[in-house]
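I opened my notebook today to look through one protein chain, step by step. Here is what I looked up, in the order I went.

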Amino acid sequence: MSKTAPAGRNRRRGAAVAAASALAWAVLGGAPAQAHDRLVASAPGDGAALEAAPEEVTLTFSGEPLDVGAAVTVVDAEGEAFAAGAPEVDGAEVVQAVDGLPDGGYAVRWRVVSGDGHPVSGGFGFTVGDPDAPVPDPAQGAPSAPPSPAAAPEREPAAPISGPAGRWALLALAGAALGAAGYAAAVFARRSAP
């Protein structure tokens, strides 16, 4: 003789499993993405044709780079550098002062240490005065003097859950939440049984 569960009981079990799955997805889906900071804007912008020389170059990142090892160069087609002093890191922005750019094309090459501790770099070009001036290859050559991880200042973690320990804690939390949801669903299903 075979025993089959009534249709109402199966629906309740299905609803309980769906609720537990939704809870697990909500817990696991909330995990922060681990990514390096990236350049999201600059002034002047990539490919900009300026009528007058800027006094500084501003790089805006998706996160806050560490205030260590930042380097920005501004060079013309002959390789002459026009950066004045060291770049300043202020939150998500890195600002590099430049000295009197004559008309011509320029490449900006930059390197910063992302908020997660990884160096990131890139480049772009712009012109001053003559929009048809040749722009040096922004990808050719990178700022020298790689950052020293030992010189990195102490910093609060960007998110409460990060790194391997954070992932294990998140998995433990998700497992506990899934177990609690399963237990609640089983109790609910048992009480609702005819």
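**Entry 1: getting my bearings**

I reminded myself at the start that this is a predicted model. I then looked up the elements of the protein chain and found two helices and eight strands. Read from the N terminus, they run α-β-β-β-β-β-β-β-β-α. I also checked burial: of the 194 residues, 30% count as buried.

Next I looked at the two faces of S6. Val 94 and Gln 96 make up the covered face, while Glu 93, Val 95 and Ala 97 are on the uncovered one.

Then I asked which strands pair with S6. Strand S3, residues 56–61, is joined to S6 by five bridges, and the two run antiparallel. I noted two bridge pairs here: Glu 56 is partnered with Ala 97 in S6, and Thr 60 with Glu 93. Strand S5, residues 88–90, also pairs with S6 in the antiparallel sense, over three bridges. There, Asp 90 stands opposite Glu 93.

S5 and S6 form a hairpin with two residues between them. In the turn I found Gly 91, with a positive phi of about 65°. I wrote a reminder beside that: most residues other than glycine have a negative phi.

**Entry 4**

I moved on to strand S1, residues 39–43. S1 pairs with S3 in the antiparallel sense, over four bridges. I saw Leu 39 standing opposite Phe 61 in S3.

The peptide bond from Ala 43 to Pro 44 is cis, with omega near 0°. That made me stop, since most peptide bonds are trans.

**Entry 2: the open sheet**

In what order do the strands of the open sheet stand? I read off S2-S8-S7-S4, four strands with mixed pairing. S2 (49–50) and S4 (66–76) are at the edges with a single partner strand each, so one side of each has no neighbour in the sheet.

I then followed S7, residues 104–113, across to S4: seven bridges join them, and they run antiparallel. Here Ala 71 has Arg 111 as its bridge partner, and Val 72 has Trp 110. Turning to S8 (119–128), I found ten bridges joining S7 to S8, again antiparallel. Gly 105 is partnered with Thr 127 in S8.

How many residues of S7 are buried? Ten of the ten are, so S7 is largely enclosed by the rest of the structure.

**Entry 3: between S7 and S8**

S7 and S8 form a hairpin with five residues between the strands, where Gly 117 takes a positive phi near 95°. Gly 115 lies in this loop too. Its relative accessible area is 33%, so Gly 115 counts as partly exposed. The C-alpha atoms of Gly 115 and His 36 are separated by 7.1 Å, although the two are 79 residues apart along the chain.

**Entry 4: two residues by S4**

Last, I compared Pro 65 and Asp 67. Pro 65 lies in the loop between S3 and S4, and Asp 67 lies in S4 itself. Pro 65 counts as buried because its relative accessibility is 5%, whereas Asp 67 counts as exposed because its value is 55%.

Pro 65 and His 118 are 53 residues apart in sequence and 9.4 Å apart in space, C-alpha to C-alpha. Asp 67 and Val 112 are 45 residues apart along the chain, with their C-alpha atoms separated by 8.4 Å.

Conventions: Residues numbered from 1 in each chain as written. Predicted model: local features only at pLDDT ≥ 70, side-chain atom pairs only at ≥ 80, totals over all residues. Heavy atoms only, no water. Pairing = 2+ DSSP bridges. Buried < 20%, exposed > 50% of the residue type's maximum accessible area, 1.4 Å probe, protein only.
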